Amino acid sequence: MNINAASPRYPQIKADVDRVEGFLADTSIAVWDSLLEYQKTRYITGHLGEIGVYKGKSATILAHHQCSGEELWLVDFSNFIDEAKINLASITPNEIRYIKQKSVELFRSPDLATHRRTFRWFHIDGEHTGQAVATDLAIAHELLADDGIICIDDFLNPAYPQISAATFAFLQAHRFELTLFACGYNKGYMVRPTYARHYLQMIRDTLAKELRARGLDNFTLWKTSPGADFDCWGIHFRYGDRDYRGLDSNPNEFC
Ligand SMILES: C[S@@+](CC[C@H](N)C(=O)[O-])C[C@H]1O[C@@H](n2cnc3c(N)ncnc32)[C@H](O)[C@@H]1O
């Protein structure tokens with residue numbers, strides 16, 4: 001793997017993530033790190049959260065990116081979260097809030113009301129039923145700041161069609177509050193509509209370079225439809241020699 005100096009912290013992050021057993025594609029590790037670094041360049045601050053922690057693999061990336069004054073909420077009802085606590089102990093000097101309960105119980109927590117619209121990142125990777133996804137999306141929607149990202153796991157995974165169905169239903173019901181701007185490697189990425197243009201532009205301008213800087217080359221960034229049709233990038237398998245691929249009718253056109 002050829003990781004260049006454009007991402008000096010990444011080798012340590014990747015090594016720490018690799019040490020933890022769990023579920024996360026290498027491409028998603030690099031995409032998360034690129035998006036979280038991008039948030040820094042735009043002075044986007046806020047809390048970080050995850051429902052479905054298991055042993056703390058994806059949470060390791062969040063812990064690395066947690067800044068002083070930012071809370072990291074990790075929600076999981078199983079005993080696995082105790083292992084996550086051990087695995088994450090040396091990653092961040094900042095305090096992590098381990099919330100050992102079912103995510104639905106967050107609705108009864110006064111912390112939900114006091115933290116509304118303050119999170120810059122929220123990962124949904126808990127119970128994989130459609131009902132649970134709808135619940136977790138509602139929680140993430142409450143907590144998400146104007147410029148933050150919700151990432152949902154197993155989106156467009158044929159093994160879990162209910163996750164995609166529940167996500168599209170939620171997006172349809174909240175079409176002026178959330179929009180999908182990227183998907184790939186079993187993850188869907190959503191933001192507030194008025195901020196989406198910045199993340200869409202970041203993907204067009206720099207994501208390929210950022211992924212290469214993190215040692216990846218087996219990807220293409222697909223934008224196969226005009227924005228007025230569906231404004232979303234696909235992060236997918238390599239297409240010929242292209243880092244970027246546009247419309248089917250003209251792969252050099254991105255709109
Ligand atoms: C696929 S694993 C999460 C993987 C993890 N993000 C990683 O990086 O490896 C799903 C986790 O969700 C937890 N979980 C399932 N249902 C849940 C619920 N209703 N509330 C909170 N956690 C839940 C499980 O205990 C399990 O640890």
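1. Buried here means under 20% relative accessible area, exposed means over 50%, and partly exposed lies in between (1.4 Å probe, protein chains only). Helices (H or I, at least four residues) and strands (E, at least two) are DSSP runs, numbered from the N terminus. By that cut-off, the buried residues of α3 are Lys57, Ser58, Ala59, Thr60, Ile61, Leu62, Ala63, His64 and His65. That is nine of its nine residues, and α3 is mostly covered.

2. A word on the source. This is a predicted model: local features need pLDDT of at least 70, side-chain atom pairs count only at pLDDT 80 or more, and totals for chains, interfaces and linings use all residues. Residues are numbered from 1 along each chain as its sequence is written, and side-chain values use heavy atoms, with hydrogens and water left out.

3. The sheet. Two strands count as paired if DSSP finds at least two bridges between them. Strands of a sheet pair through backbone hydrogen bonds, either parallel or antiparallel.

4. Strand β8 (residues 220-222) and β10 run parallel and are joined by two bridges. Tryptophan 222 has arginine 245 of β10 as its bridge partner.

5. Strand β7. Five of its five residues are buried, so β7 is largely enclosed by the rest of the structure. Lys187, Tyr189 and Val191 point one way, while Gly188 and Met190 point the other way. β7 runs antiparallel to β5, with four bridges. Here isoleucine 152 is the bridge partner of glycine 188. β7 also runs antiparallel to β6 (residues 179-184), with five bridges. Alanine 182 is the bridge partner of tyrosine 189.

6. The β6-β7 turn. These strands form a hairpin with two residues between them. Tyrosine 185 sits in the turn and has a positive phi of about 50 degrees.

7. Helices across the sheet. Contact means heavy atoms within 4.5 Å.

8. Histidine 115. This residue is in the loop between α5 (110-114) and β4. Is histidine 115 buried or exposed? It counts as buried, because its relative accessibility is 10%. Not counting residues up to four places away in sequence, histidine 115 touches His47, Glu71, Trp73, Arg97 and Leu143. A polar contact of 3.0 Å joins its side chain to that of threonine 114. Such a contact is a pair of N or O atoms within 3.5 Å; within protein, one must be able to donate a hydrogen and the other to accept it, and residues adjacent in sequence count only if both atoms are side-chain atoms.

9. The ligand. There are 17 residues around the ligand, and Gly52, Ser58, Asp76, Ser103 and Asp125 come nearest. A residue is near if one of its heavy atoms lies within 4 Å. A backbone N or O atom of tyrosine 54 is 3.3 Å from a ligand oxygen atom. A polar backbone atom of serine 103 is 3.0 Å from a ligand nitrogen atom. For glutamate 127, a polar backbone atom is 3.3 Å from a nitrogen atom of the ligand. The protein covers 88% of the 610 Å² of accessible area that the ligand has on its own (Shrake-Rupley method, 1.4 Å probe; for residues, only the protein chains shown count as cover).
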